[in-house]
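Open your viewer and get ready to pick side chains one pair at a time.

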Amino acid sequence: MDRVSLTSDLSFSRLVYGMWRIGDVEDTSPDHVEAKIQACLDQGITTFDQADIYGDYGAEAILGGALRANPALRNQMEIVTKCDIIAPIGRWSHASGKYYDTSRAHIESSVEHSLTGMGIDHIDLLLIHRPDPLMDHEETGAALDDLVASGKVRTVGVSNFRPWDWDLLQSAMSNKLVTNQIEISLSELAPFTNGDIAFHQKNGDAMMAWSPLGGGSLMTGDGDAAKQMDAIAAEFGVDRAAVAVAFLLRHPSKILPVLGTNNLDRIKTISDAMKVSLSREAWFTLYQAALGKEVP
C-alpha cells in the first residue's frame, strides 16, 4: 500500500477506510468492528476516518469499543475525526436545528468527546467538518493551534472548504493545515476544473476524497460511464469500485479516497484499486464518459 506524507512524522495509507456507516448495521460489537479494522490492516490500510456526527454522534464510541477490547489496534492506526456540525440528533437532540460551530469552546468540547468516545489519548488528524459562515478565523485558528500544542491533536485540516475558506483560516494559524477532504468522484467532477484541486496541488496539500463511489451510484448506474468502467474492470479482473477509485488514484496530486462499507467481503477488496493502472487515454475516456461530452 502506498503512503502519503502529511508532515515529517505522519503519513497516511493511500486508501482510507471511512467509518461513517459503522453504526448502520445490527452487529456493532467490538469483535465485529475489529474484524473490519483487521481486514483493512491486512491490506496496508491504516488510516480510519471518523466524525463526531457520524452515527448520530455514536460512531466514535462504536470504534472505541473495539479499541478498548484490543488496545494494540490503536498503535497500528491513524485516526481522523471531524467537528463543528450540530444537528438535532443524539447528544444534540435538544438543538432547534442544524448549524455549525467553530468557536473555541465547541471545538475543545468536541475533541474531549471524541477522545473519550474512542478511548484514545490523541487524534492524529482533526478536521473542521464544514465551512462556518460565522467563523472567527482568529479564534478558530488559535484553538486548533492550542490543541496541537497540547498533544491532544497531532495535525489539523478541513473538510469541504473552498480555497478562500482555507486561506482565511490558515492566515490565523502557526500550524499548517495538512488536508482538505472534499467530494471528488466520477459523479462529482467539478473539483477538477473549479480550482479546488489546482489550488491544493499548487500548494502541495494532501486531499482526501469523500464519496469516491458517488454514494454507491457508480456501482449501480448504467450508461456510457458504466460501460467504460466495466470494460476496464474486466481487463484488470476487478469490479467497478476499483476502477472508480483508480480514476482518483491516477491524478498526480495524490488524492486519498475515503471508502466506507460494512460488508466484510467488500472491505477485503478495497485495495483492488491499486491493481488498476490507467493510461492517460483511459483516464480521459472515463472522464469524458462521466461528463457526457467530449472535452473542448
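Before we select anything, one term: a residue is buried when its relative accessible area is under 20%, exposed when over 50%, and partly exposed in between (1.4 Å probe, protein chains only). This is a predicted model, where local features need pLDDT of at least 70 and side-chain atom pairs count only at pLDDT 80 or more, while totals for chains, interfaces and linings use all residues. Numbering starts from 1 along each chain as its sequence is written, and side-chain values use heavy atoms, with hydrogens and water left out.

Our stops are salt bridges (a side-chain nitrogen of Lys or Arg within 4 Å of a carboxyl oxygen of Asp or Glu). The count by this rule is 12.

First, select Asp196 and Arg162, whose side chains form a salt bridge at 2.8 Å, N to O. Asp196 sits in helix H7 and Arg162 in the loop between strand S9 and helix H6, so the contact ties together parts 34 residues apart in sequence. Helices (H or I, at least four residues) and strands (E, at least two) are DSSP runs, numbered from the N terminus. Asp196 is buried at 7%, whereas Arg162 is partly exposed at 26%.

Next, pick Arg240 and Asp230, in a salt bridge at 2.7 Å, N to O. Here helix H10 holds Arg240 and helix H9 holds Asp230, 10 residues apart. Which of the two is buried? Arg240 is, with 14% relative accessibility; Asp230 is partly exposed at 37%.

Now go to Arg266 and Asp239, where the salt bridge spans 2.4 Å, N to O. Arg266 belongs to helix H11 and Asp239 to the loop between H9 and H10, so parts 27 residues apart in sequence are tied together.
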